[in-house]
Each structure stands twice: as structure tokens, then as C-alpha cells.
Amino acid sequence: MAQIYLAGPFFSEDQIARIEKVEQALTSNPTVRDFFSPRKHQSTQHAQFTKPWATEIYQADIKNLRAAEAVVAIIDFTEDHVDSGTAFEIGYAVQLGTPVIVLHEKTGTVNLMIGESLHAYLTSPAALSDYDFNTLPANEYDGEFI
């Protein structure tokens with residue numbers, strides 16, 4: 001069973017609803033031991049949006065990225081754009097050699113850097129519920145790039 005890092009934006013009601021669906025999918029997946037969702041770990045002893053708060057959140061996220069056996073990244077943000085934090089987490093995972101499983105529910109193009117670096121491309125939380133994190137089957141993105 002795998003330890004997962006969940007990367008994705010959570011700045012709007014739509015994004016939070018999407019993250020919650022993905023969290024549920026990971027919870028129901030029998031090959032997931034546990035997952036870290038930054039959305040659930042924004043509280044610190046420091047005032048929100050201050051430098052000490054940002055430092056503590058950043059360090060916790062990096063620690064959990066390093067501990068992950070796979071990263072699930074939600075790339076739906078605004079139109080064809082990926083959230084900058086999510087893009088950073090994807091790049092960090094790729095640099096570590098950690099497989100990145102991309103979830104892209106909205107239709108549209110995918111940035112070539114993400115499309116070429118991902119390990120598996122999924123289009124629904126249901127597919128994520130069934131994904132085998134023990135064997136990590138590859139599934140290339142074969143759509144249009146930007």
C-alpha cells in the first residue's frame with residue numbers, strides 16, 4: 001500500500017469540491033495506505049499568510065512530498081492553466097523520481113511539461129479509486145498539448 005501526496009488548488013468552492021472528491025477516492029482505494037492533503041494542513045501556530053506561517057506550511061509540504069511514494073496532481077485550475085503551487089509540486093516530484101498521477105477532469109489541453117513528465121493520466125475520481133498504486137500502471141497523455 002502506498003503513501004500519496006495530493007497536489008491541487010483549493011482556492012474556490014469548485015476546487016474544494018474537486019479535492020474532496022479526490023480525497024474520498026483515495027480513501028476508498030485499497031492500495032492507498034494514507035495520503036497527505038495540504039488543504040487539511042494549513043493551520044500553524046503563526047498568523048495565516050505571514051512569513052512564519054508560509055515557512056512552516058512549505059516545510060511540511062516538502063517533508064510530505066519527500067515521503068510520498070506517488071503524487072496525485074489535480075491539474076484543473078482555470079481554463080488551460082495549472083495552479084502554480086501544483087506545478088511546483090509536480091516538478092519537485094519529478095525531480096525526486098516520484099511517479100506523478102495526473103487527474104484532469106475538465107476537457108482541454110495539457111501543458112507539455114506536465115504531459116510529458118506524468119506517469120499516469122486519469123480523467124475521473126472513479127478511475128483514481130480503482131488505480132493500483134502497488135503496480136503503478138502507466139497511462140500516457142495522448143491529447144493536445146500547449
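User: Is Phe49 buried or exposed?

Analyst: The model is predicted, so local features need pLDDT of at least 70, side-chain atom pairs count only at pLDDT 80 or more, and totals for chains, interfaces and linings use all residues. Residues are numbered from 1 along each chain as its sequence is written, and side-chain values use heavy atoms, with hydrogens and water left out. Buried means under 20% relative accessible area, exposed over 50% and partly exposed in between, with a 1.4 Å probe and protein chains only. Phe49 has 67% relative accessibility and therefore counts as exposed.

User: Where is Phe49 found?

Analyst: Helices (H or I, at least four residues) and strands (E, at least two) are DSSP runs, numbered from the N terminus. Phe49 has a positive phi near 70° and is not a glycine. Its place is the loop between strand S2 (32-36) and helix H2 (51-67).

User: How many residues of strand S1 are buried?

Analyst: Ala2, Ile4 and Leu6 point one way from S1, while Gln3, Tyr5 and Ala7 point the other way, and all are buried. For S1 (residues 2-7) the count is 6 of 6.

User: What is the bridge partner of Gln3 in S2?

Analyst: Two strands pair if DSSP finds at least two bridges between them. S1 and S2 pair in the parallel sense over 4 bridges. In S2, the partner of Gln3 is Asp34.
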